[in-house]
Amino acid sequence: MNRCINIYLSVALLPVLAGCASTPEGVLAPKELASLLADLHKADAYYMVEGDPGQTRSGIADTDSVKKVLRQSVMRDHGVSQKQFDMTLDWYGHNLDRYEEVCDLTIENLEAYRRSLQAASRKDAASESIWPEALSMRLGGGTGRQSLGFRIPGKDIARGSRLKWSFATTALTAPMEVVIAVDYTDGSTALIDRNISSEGRQEISFQTDSTLTPHLLYGFVRAEQSSTLLLDSITITTQPLSRINYYDIHSQRRLPPATR
C-alpha cells in the first residue's frame with residue numbers, strides 16, 4: 001500500500017477479508033475505478049490550485065463549493081452514482097489485494113496524463129497565446145457573472161493569420177454561446193457563432209482575410225446556468241497564412257459595412 005496515492009480512500013483501517021477473482025454486480029472493475037479515481041484526483045488538484053475566488057476555503061459551505069461541483073461533474077461523466085461509488089469503496093476496502101491493483105492502475109493513468117500535459121506544453125510553446133485575460137474563469141452559479149469577453153487590437157493580428165480559441169469546460173449544464181469576430185479597417189466584419197453543449201476541450205478556429213487589415217479582434221462566451229461553469233486553460237493562438245488550410249472555414253460569416 002506504500003505506493004498508493006491518498007485519494008478518497010481510507011481503506012487501510014478497514015478489516016482485511018479474502019479477495020475475489022472478480023467484482024460483484026454493481027461494483028466497479030479495477031480499470032473503471034482507477035480511471036474514476038485518477039479523474040477525481042485531477043479535479044482535486046485543480047481545486048487546490050484555483051480555489052474559489054473571493055472566499056476563504058474555511059468559509060465555503062460544502063454544498064456550494066466549486067470542489068463539490070467538480071466531483072459531481074467527474075462522477076456524472078463516468079456514469080457513476082454516489083451510491084455505486086460508496087458500495088465500490090466498501091467492497092475494495094474488504095478486498096485490499098484487489099485495491100492494490102486499483103492503486104497501480106490509478107498511478108499509471110496519472111502518469112500517462114502527466115506525459116500528455118508535457119507533450120501539449122511543448123507543442124504550445126511553439127505558438128504564443130495572445131489571450132489577454134485570466135487563464136481560468138467561472139461563470140454562472142453564485143459568481144454573479146454569466147459571460148466573459150475579450151478585445152485584442154488589430155495590430156496584433158497579421159493578415160491571413162489563422163486564430164484558434166481554445167478552452168476546457170467543466171460542469172457545463174446548459175448550451176453555451178461562443179462568438180469570435182474580427183472588424184477590418186474597411187468597415188466589414190467576419191464572425192463565427194456557435195452553441196456548445198459538451199464538456200471537455202473546445203477549439204474554435206477563425207481564418208482572417210489575407211487581403212484586409214484587421215482593426216479589432218473580439219469575442220465572448222455566454223452561459224446561463226444555475227451551477228458554476230468552469231473554463232480553464234484558455235488560449236488564443238495565431239498561425240501564419242497557410243495556403244493549405246486557408247479555405248478550410250466552418251460556419252464563418254462575412255458582414256459588409258452596410259449591414260453592421
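Good morning. The structure is a predicted model, in which local features need pLDDT of at least 70 and side-chain atom pairs count only at pLDDT 80 or more, while totals for chains, interfaces and linings use all residues. Residues are numbered from 1 along each chain as its sequence is written, and side-chain values use heavy atoms, with hydrogens and water left out.

I begin with confidence. The average pLDDT, the predictor's confidence in each residue from 0 to 100, is 79 for the protein, and 78% of the residues score at least 70. Over residues 7-20 the pLDDT is below 50, although this stretch has 29 contacts in the model beyond near neighbours in sequence; contact means heavy atoms within 4.5 Å. Residues 49-64 also stay under 50, and the model has 16 contacts for them beyond four places in sequence. Where pLDDT is low, the predicted coordinates should not be read in detail.

Turning to the overall fold, the protein has 4 helices and 9 strands. These are DSSP runs numbered from the N terminus, with helices being H or I of at least four residues and strands being E of at least two. From the N terminus on, the order is α-α-α-α-β-β-β-β-β-β-β-β-β. Of contacts between residues at least 6 apart in sequence, 82% join residues at least 24 apart. Of the 260 residues, 40% count as buried, that is, under 20% relative accessible area with a 1.4 Å probe and protein chains only, against over 50% for exposed and in between for partly exposed.

Strand 3, residues 162-170, pairs with strand 6 in the antiparallel sense over 8 bridges. Within that pairing, Thr 169 has Gly 200 of strand 6 as its bridge partner.

Leaving aside neighbours within four places in sequence, Ser 166 is in contact with Arg 201, Gln 202, Glu 203, Ser 233, Ile 234 and Thr 235. The C-alpha atoms of Ser 166 and Ile 204 are separated by 6.5 Å, and the two residues lie 38 residues apart along the chain.

Terms used. Two strands pair if DSSP finds at least two bridges between them.
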